[in-house]
Structure formats: C-alpha cells, structure tokens
Amino acid sequence: MFDENYLKEVERRRKQWEETTLKAALERFGAEESPNEFYAPSDIRSFDFLEKVGFPGEFPFTASVYPSSVPGSGPVTGGWYLGGGGGLVRAGRYLGFGTAEDTRVCYERDITRGRKGGPNLPFDLPTQIGLDSDDPRARGEVGRIGVAVDTLRDFEDIYQPFKGENELDKIASNWTINAPANIILAMYIALAEKRGIPQHKLRGTLQNDILKEYVARGTYIFPPQPSMRMIKDTITYCSEHVPLMNVISISGIHMRDAGASRIQALAFALCNATAYLQLGVDAGLDIDSFIRRFSFNTLGGSMEVLKEIAVRRAERRMWAKIVKDKFKAKNPRSWILREAGGYMIGGWTTHPQRPLNNLTRAVLGAAAGALCGYIPSVEPPFDEPLGLGWSIEAQQLAEDAARIIQYEAKLTKTLDPFAGSYYMEYMTDKVEEEAANLINRVESMGGSIRAIEDGFMQREIARSAYEFQQKVECEEELIVGVNCFNDEHELEVIPTRVVPDTYDPTKRAEAENKQVARLTQVRGERDGQQVQTALKQLQEAAHDETTNLIPLIVEAVEAYATVGEICGVLRSVFGEYVGYGHI
Amino acid sequence: MNKERHIKVLMAKPGLDGHDRGAKVLTLGLRDAGMEVVYTGLRQTPEMIAQAALEEGVDIVGLSSLVGAHGYLFPEVVEQLRKRGLGDVLVFGGGNIPKEDIPPLLAKGISAIFLPGASIREIASCMRSKVEEKRKGSSY
C-alpha cells in the first residue's frame, strides 16, 4: 500500500513524463501513440501484499500453491522428475496408439529408455465416444489418435510392462478419458483385483471433465445431467474405495485450443469446477474429504506469456477464495489448485510452417511457466502440428530445453519473481475481475450446465476464435512464418528425423483390422450369459439415480463386456447428447 | 443465369473428431464473405453429410478433420454424394492433413485441400472460382 500523497506525486510525474520525455521521443518518430505500456505504483493503488499475494503455500496462493519445490528433485509441482540419468526420464509422457499391443511395445521401449512411473494414456476416438472398434461409425478412426480399448483384455495387454517395481500399487496412471471414465476406472480396478492388488492402493488421474467436452473437445456421449450423475458416482465411489485416485482433471486447455480467450477459459473452467464440487457436496460428502482428489489441467495458454502468468496467479487466488469462502472448506490444503504440469503455450499456438519455430515458442511458454511456479514444460514438442506422434528428436529437444531452463537459467529458483511488479499485479487484478464478471454471468444463467445447454459457452468461444482469425488475416496478430515473414527470401527449415517415428505408420494403418480381430476373439471366448446378466443389471440400476453404477460396471468389465456394450445400455437409459454446432 | 448467384456451403465434421474451431470459424467467415453456410455440428457419418447436402441443395461440402481419419472419410463422402446423384457437388477438405496425403485425396475427387494457415479469403476465393468454373462448364 502506498501513501496517498506519494501516489499523487507519481501521477503528477507520469503526466509530466508523458508531456515531455515521451512526447519528444514520439515526435522524433512522427508517431501519435506509444507502442509501449508502462506501469507505476498508481496502477495498483490498493495493493496489499499479504492480501493479494501472500507467502508461497499460504492463502491466497498467488505466489505458489506449495511452500517450496521438492528438495533434490526440482520445482514446485510434484510427480515429475527432471534430471537423474540420461535419456527421456520424465514420467508422464503421453503415449499410446494403435492396438493394445502396439501401445504395450511403445511403453516397453520407453521403459528401457528410462521412463519412470505409470502410463499416461490417450485413447482413440471410438473408445472416448463409447463405440466398439467394429462399430461402423468407428471406421477409419480405430487406434488413430490413441490406443483402442474395447475390453479388459486390452487393459491387461497395455499394463503388461507395469509389473514388479512398476506394479499398479507403485505407479500412478493417467487417462485422458471423459464420458466413459467410469468404465476405464472399472477396468483398472478389475485389473488390479486380478493381480491381487486392493483398489484402495490404486493411484491415477481420470480426466472425467465432461462439461468442457460439450463446449470444446467434443467427446460427449450422454446429455449433461446423466453425465454429471456419472461423475458424482466417481466422486462418491472413489472417496470410499479408491481414496488415492484423482477423480477429475478440470481442463481449460481444450477451451483455449478451441479458441476461447484467456478470460473465457479461466472463467468457464472455474464454473465447471464449481459444478463438480457441488456434486460431492450434494451427495453429502464433507468438502475437505474429497476436494484433494480434484486436479486441474488448465495449462494451455498463448504466446502472450506475461498475460498468461497473470492468469495463473489470478487462477490460484480465485480458486482458493471459491473453496474457502463459498464452499467453506476448513483445511488450508483443500484451498490449493492442484495442477501437475502447470503452464505451457498450448497446441493452437504451434504451426506446421517452419516447425522448428515451435520449439522457440514452447521454450518461451515453459520459461513463463517456470516464472509462475511450475516445472518448465516445453510442450508440445515442435513436430506436434506435423501429424500424430512425436519424433524422439523433438521429445529430446523438449526435455533438454526444460533442463536448460531449470538448471542453467535457474528460472525456478525464485518463487513468483513478479510478485509486487506494478504491471503483473495490475494484470492479475484485471484478469481476476474480468473472469469474476463472466463467472457471475454464467451463475446468473443457472450455472455451467444451463450455460452449456443454452449454447452460451459454445457461442462465446466460437466468437473469440473467429475474432482471432480475423486479426490474423488483417495482420493485427502476427504469426511468424505463417502470416508474415514468409516471402521467398525466408528459409524453410525442415528437421530431419533420424530416429523412426514413435507411432509406426504401418502399424497405425493395420491397427483397425487387428483390433477388430482381437475384439472378435474376445467376444468368442467370453461367457455370453455372464455378459448379458451384467449388462441387464447395469441397465436396471441406471434408472435409479441414487445407485452408484461403478460396482456394476466393474462386474461388466470383468465379464469382458465391451466399452460399446456398456455405453450402449447406458445410452438406452440416459439418451444421447446431440451437439447442434452452436455458433 | 446470374453470374453472381449465391453459393451455398455445407460445413461438416465427418467422423468422431471434436475439433470444430476451424469449421466454426470458416462458417462465420464464409457467411461474412456473402455465402450461405450451414454447419452440421459434430459426428456426422458420410451418409448423413451427403443426405444433408441433398436436402440443403448445396454447391459445396466443406469437410474438416484433425485426427487423421481424412484418408477414409473424405473419399467416402464423395462416394455417398455420387450415390445420391450429387456428383457435381464440390468437396473441399481441410485440417491437420499431412502433405503426402493430399495427392491421393485429390485423385479421389476432393476439389481442394486447405492446411492450417490458409486464410478465409483464400478459401472463399478458391470456392468462388471452382463454383464458377463448374457453372460455366455445365451451361455449355
């Protein structure tokens, strides 16, 4: 806080500067307006360090959600390992394509290269949408953007390499799965049971953030209301039986990639998070007992990294206030926004034109992430826009860039180095205020579900995407090598990939036929009567909203019922959501 | 007929892909460029797209895919259009499509493929000239 007289003096001097020093410079350039901004104490008049920033790991967590890095392993968020041996040692690399066997081979190879921890699995679109690999609608999509999972047999194969020191009770798995999240959870429970591991020892993260699917990512199956009931089932089941499982990963990144502005992505993600918290509260759970299994995946941003740092700072503060003040959580550990990974530039900021430039972009994002309390995350690898699957070279460059940011540049040493910066505090307040206004607007509509059913969030995001495109086309927004600096004198730098593609293109092409054959075999070997019984009892139970369906889904997957069959009976009760393409 | 007769476009998302930023942006952009554009929303089968093209009486079908399923789905849409007697409807494709996949798609009847970075202006002008070409061809 500044003295009023001092602020008056600062304002007087600012005016004087504008009329003399600045004006003279602009006149020299023949310009009317300065291309720059400059911030002074008078821009953050009411700034109070303890109220607005606080110490790391303490309310309102603007500086950092943790008081320190994990000593010896590096920066603030846990679970990722940098350094310690050569090669690609970071845990958590997103990996999976083709059949379960193709994915198993990938993990085996990665483990020999020093991979630590559990798998981080992308699923193909048919799996994400609850269709079997032999469904006509799945044609051309099986095993394309992730691994195809039809039955528990596929899970058994994928998890082959995860035994011994990587046994299920020693690793954490990560699944990018939403609408069928409870089926994937059930498969993990069933797999563990077969290996004699009790479910209470299982750790992992389900994405399970269905609301953003309607808005941005598109892998919904059921309408919003029954989908929320499924998430309520995850929260209540896990809080009792799988207490170490992160039940949800609330995402902003997909909305950003779909074109949302930074304010929209922040506000909508917090609205959605609030809706999920309410599910647990309405189910009669104590907020402090289940909120710590809520995680966030808001990490996508833009190239305007200073503004993105402000978003991260505002986000931590806003979430802490929501949980503490609105939901009355008592344990300070409940107030923190848990996010493994933190901040990166997001997929939409990378381009296939002169693709090595994406490394420069990702490094800037990772440096910014390091400067706002996260492990540097040089993502995505530079060749992401060239097609599915990253080259080993691109991954190595990303790993090394993160190491250079951390160990050579030492950017993670000082927590929240922008704390107290006139610009950063001004921007953080501004982001908070604008996002709070948008949150109020959604709340006045009746919350996230209504705002989605009405197409409000969808239309807002489409409008922002179009506005950005218009700016790109009139060159108000410049993208190097895309809409500018791309004449004939510029050199197209083509990276050579010496190491073979992570996702073998031949295997990818063969995956569909192979997976259909696998599925046919499983259907032939299983006990058809047992499957029918399990599906029938699931269907009956689905009518009763108070019944938790997860135990019944576990029974169904144990009988080798398919993802398509399980979603099929649920569709017959819940109905299907039809997206009308709100614009 | 009137040379400036308006152009009607069906913007469609074939298959299971949920990335519709491009489809939506282009829908809005082509509308602003004076075309009539209908957007299907997500998860359209080639049959559904061809049927919608028939019902809407469009000049162009625009297909967007970012998940590597274009190789099967785009030609399948062309095939379904032909089956309905709509062989003269132009099919445009766009999305995250590897360059080496373009020649086979063009050989299978796709009129043009646009990659990330293409401007609305460029796409609209290509659409206009291809429709014009087709209309001239059919009137003689």
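**Entry 1: K514(A)**

I looked up the exposure of K514(A) and found it partly exposed, because 19 other C-beta atoms lie within 10 Å. The classes I use are buried for 20 or more other C-beta atoms within 10 Å of the residue's own, exposed for 12 or fewer, and partly exposed in between, with C-beta atoms placed from the backbone. K514(A) belongs to helix α18 of chain A, residues 505-525. Helices (H or I, at least four residues) and strands (E, at least two) are taken as DSSP runs, numbered from the N terminus. I also checked the pair K514(A) and T99(A): their C-alpha atoms are separated by 7.2 Å, although the two residues are 415 apart along the chain.

**Entry 2: conventions**

I note that this is a predicted model, in which local features need pLDDT of at least 70 and side-chain atom pairs count only at pLDDT 80 or more, while totals for chains, interfaces and linings use all residues. Residues are numbered from 1 along each chain as its sequence is written, and chains are lettered from A and ligands numbered from 1 in the order in which they are written.

I examined α12(A), residues 305-326, which has 22 residues. From first C-alpha to last it reaches 30 Å, close to the 32 Å expected at 1.5 Å a residue; the expected span is 1.5 Å times one less than the number of residues. Just after α12(A), K328(A) takes a positive phi of about 55°.

I then turned to its packing with α10(A), residues 262-282: the angle is about 20° and the axes are 11 Å apart. Axes are lines fitted to C-alpha atoms, for helices over the stretch in contact, and angles run from 0 to 180 degrees between N-to-C directions. The two helices are therefore roughly parallel to each other, a class that covers angles under 35 degrees. Their crossing is right-handed, that is, the near helix is turned clockwise from the far one by less than a right angle.

On the α10(A) side I list R262(A), L266(A), L270(A) and T274(A). They meet K307(A), E308(A), V311(A), E315(A), M318(A), W319(A) and I322(A) of α12(A); contact requires C-beta atoms, placed from the backbone, within 7 Å. The contact residues divide into 6 nonpolar, 1 polar and 4 charged. Here Ala, Val, Leu, Ile, Met, Phe, Trp, Tyr, Cys and Pro count as nonpolar, Asp, Glu, Lys and Arg as charged, and the others, Gly among them, as polar.

**Entry 3: chain B against chain A**

I found 30 residues of chain B in contact with 30 residues of chain A. On the chain B side, the elements giving two or more residues are α1 (21-32), α3 (70-83) and α5 (120-139). Of these, α1(B) gives the most, with 6 residues. The chain B side divides into 13 nonpolar, 12 polar and 5 charged residues.

**Entry 4: backbone geometry**

I recorded a cis peptide bond from F59(A) to P60(A), with omega near 5°. P60(A) is placed in the loop between α2 (49-52) and α3 (100-112) of chain A. The bond from E379(A) to P380(A) is also cis, with omega near -10°, and P380(A) sits in the loop between α13 (357-370) and α14 (392-408) of chain A.

R354(A), in the loop between α12 and α13 of chain A, has a positive phi near 45°. R43(B), not a glycine, has a positive phi of about 60° and is buried, with 21 other C-beta atoms within 10 Å.

Terms used:
Angles under 35 degrees count as roughly parallel, over 145 as roughly antiparallel, 65 to 115 as roughly perpendicular and the rest as oblique. Two residues are in contact if their C-beta atoms, placed from the backbone, lie within 7 Å.
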